[in-house]
Amino acid sequence: MNSATTTPRPKSPRSRPSDRRQKRKKVRVSTKRLYTRVIRDTFIKVYPKYAIQNPVMFLVWLATTTTLAATIYPPLFGPVTQKNPQLFNGLLTVILFSTVIFANFAEALAEGRGKAQADALRSTRSETIAKKIVVDGTITEIPSTSLKQGDTVYVVAGDMIPADGEVILGIASVDESAITGESAPVLKESGSDVASSVTGGTRIISDELIIRITADPGKGLIDRMIDLVEGAERTKTPNEIALTVLLAVLTTTFFIVVATLPVFAYYVKSPVSIPVLIALLVTLIPTTIGGLLSAIGIAGMDRVAQFNVIATSGRVVEACGDINTLVLDKTGTITLGNRLAEAFLPINAHSMREIANVALGASIFDDTPEGKSIVRLAEKCGAKFDIDRKKCQGVEFSATTRMSGTNLPGGHEVRKGSVGAIKGFVRSRSGSSGASRNGNETPELVTAYEAVSHQGGTPLLVCLDNEIYGVIYLKDIVKPGIRERFDQLRRMGVRTLMLTGDNPITASVIAKEAGVDEFIAKATPEDKISIIQREQAEGKLVAMTGDGTNDTRALTYADVGIAMNTGTKSAKEAANMVDLDSDPTKLIDIVGIGKQLLITRGALTMFSIANDIAKYFAIIPVIFADANLNSLNIMKLTSVNSAVLSVLIYNALIIPALIPLALKGVKFRPLTANQLLQRNVFIYGFGGVIAPLIAIKLIDVLITFAGLA
């Protein structure tokens, strides 16, 4: 038990989140089981209770039952004048039923992929035995499903972590491949915002940890992901509801139009049979988008889940596509991970050894990567900390003080922090007169920290009591390719805003190199909230990332807030998305996924309506040929029967033909709204008119050749 406090740091390297994302493995599912389930669900959805949920396809379902009745008894709707009506009506029934089946298949396939992924995740959530630490310190073994929030458990190498929790003691490597797909172990330790969170179902592979459980049974991260990918949490988004209403209105309008056609047909002495009118109605209503609408929405959620992101709802995914402003932290998002100490710049006649000693003293209790890098650099410079650590007191960094350090015996204090914070601290130690030569802006001090700032680094001042010893150069490296990604966002109409606690000089250098639209230097947690509210007051949708407790309120205010899985529990609860890979730059990709969802829905809607126009001009001139409309039969379709059958066959086959596009999504391109509209009008509008004309003519030729015309 006590060995957890003395366990040496594992030597396995911690992989960067961005590297981890690139290596992520796809969840493998059984293709045979998947399609067995999909085929079963396809026919279950034929049941009226499920069919009525899609107004457009339910009308096709009603049309199928009507033509089936006409097949069984052709004179049901009046005298029959055509030859072999049972064959014609039977073919109509089969084609209409196929249309319903194909639409059901598209939705079932999208749902089935999510359920298969959920099954794979569920297999990692198998019940395990947890070593619960009771009040008196003894360990009792209980099923993991009996654990509750607040319980404490003990895990050692080889154990499965029984539930989501926070590390409160120890340091160890954890295999998170069951969640993230990354095989490299991840370092977990207590007392760190970015490395203390653990997930149930992952496995500890070295050393030991004591964990406080943070989720009740059935409410952990894997449970939430299972609900997401199998559709348990799926509700229609506002855009999807609006489009469903629009399709219902269009369907009702066409129904009224077709219902009045017999009157005009009688007037022009070109009577139309009920089965043909039914076929005409089905070809005119937007069956293509009606059959694919649910699949598009489900696939959009599935793409987010496959990207290792848990979203609270489809509404959030859609909101990503409408984002106008992207608020990003500098460190870890725009720059590579943690800043590391690069050099010491002594001032005021102090030597390199002196500033190294003071920097070491200020960082000896600092367990952050920055603090540890300062310790390593100081030790390289020959610094030593000879004071008994038990007689010292560490002072943690806070957003308010903007500095950290150590209180030494005898009332001495060493501090490191931002330029303004340390100068203020030194002045406060100098008394009301401010007599210290270091409490003011000396030319040597200005030269030192500006030299660091102009290189894009972060300057930290280090002091002992009322004496500033010099500047620590923390090096920031802008992530490769980040400028190009911001350029893409700009072309999409998304404005980027960088927040950083750095001074304005450093912030401007990084902002210029990264290519962000705007930056805010010396930003506080309150600044994040005010910036989000300012953008929202202008009617913009705002997205931001965060991982710490100080980000909690800002994540709540943002329209899209994504928390890192390695972040604090409060941040994950405040956000409406959680990134399992803990990669802050992934928000840029999530915006792309949201826009891809909206573009796919819009493109296929345009294609469906364009199809209807083509089908209208294919079938109407042939049906009303006796009314001198045959001259409009530009496709030269053979007869009424061949025209009706050709259009209906195309209407049915186009749904499965578009299923891959609906599930994969229209390829996203970083273009402006006008450019996207023009592109989609040309490809899916113009193409949606031409493609059916060609396909219907080919089908007509085949039907004529088969003697069904």
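Modeller: Happy to! Let's begin at Phe617, which counts as partly exposed at 47% relative accessibility. Here buried means under 20% relative accessible area, exposed means over 50%, and partly exposed is in between, using a 1.4 Å probe and protein chains only. Before we go on, please keep in mind that this is a predicted model, so local features need pLDDT of at least 70 and side-chain atom pairs count only at pLDDT 80 or more, while totals for chains, interfaces and linings use all residues. Residues are numbered from 1 along each chain as its sequence is written, and side-chain values use heavy atoms, with hydrogens and water left out.

A pair of aromatic rings is described by the distance of the centres and the angle of the planes. Rings of Phe, Tyr and Trp (its six-membered ring) pair if their centres lie within 6.5 Å; planes under 30 degrees apart count as stacked, over 60 as edge-to-face and the rest as tilted. There are four aromatic pairs in the structure. One of them joins Tyr616 and Phe617: the ring centres are 5.4 Å apart and the planes stand at 90 degrees, so this pair is edge-to-face. Tyr616 is partly exposed too, with a relative accessible area of 39%. Now compare Phe682 and Phe686, whose ring centres are 6.0 Å apart with planes at 10 degrees, so that pair is stacked. Phe682 and Phe686 are both exposed, and both belong to helix α23, where they sit four residues apart, about one turn of the helix. Helices (H or I, at least four residues) and strands (E, at least two) are DSSP runs, numbered from the N terminus.

A salt bridge is a side-chain nitrogen of Lys or Arg within 4 Å of a carboxyl oxygen of Asp or Glu. Elsewhere, salt bridges with shared partners link Arg495, Glu518, Arg534, Glu535, Glu538 and Lys540 into one network.

In the salt bridge between Glu518 and Arg495, the closest N and O atoms are 2.0 Å apart. Glu518 lies in strand β18 (residues 518-520) and Arg495 in strand β17 (residues 495-499), so the pair ties together parts that are 23 residues apart in sequence. Glu518 is partly exposed, at 23% relative accessible area. By contrast, Glu413 and Arg415 are both buried, and their side chains form a salt bridge at 3.4 Å, N to O. In total, the structure holds 20 salt bridges.

Another buried spot is Thr287, with a relative accessible area of 0%. Thr287 is part of helix α10 (residues 287-306). Leaving aside neighbours within four places in sequence, its contacts include Val56, Met57, Ser608 and Lys615.

What about cysteines? Cys320 is buried at 1% relative accessible area, and Cys463 is buried at 0%. A disulfide is a pair of cysteine sulfur atoms within 2.5 Å, and a search of the whole structure finds zero of them.

To place these details in the whole, the chain has 23 helices and 21 strands. Of its 709 residues, 54% count as buried. Among contacts with a separation of 6 or more, 71% come from residues 24 or more positions apart.

Technical notes. Contact = heavy atoms within 4.5 Å.
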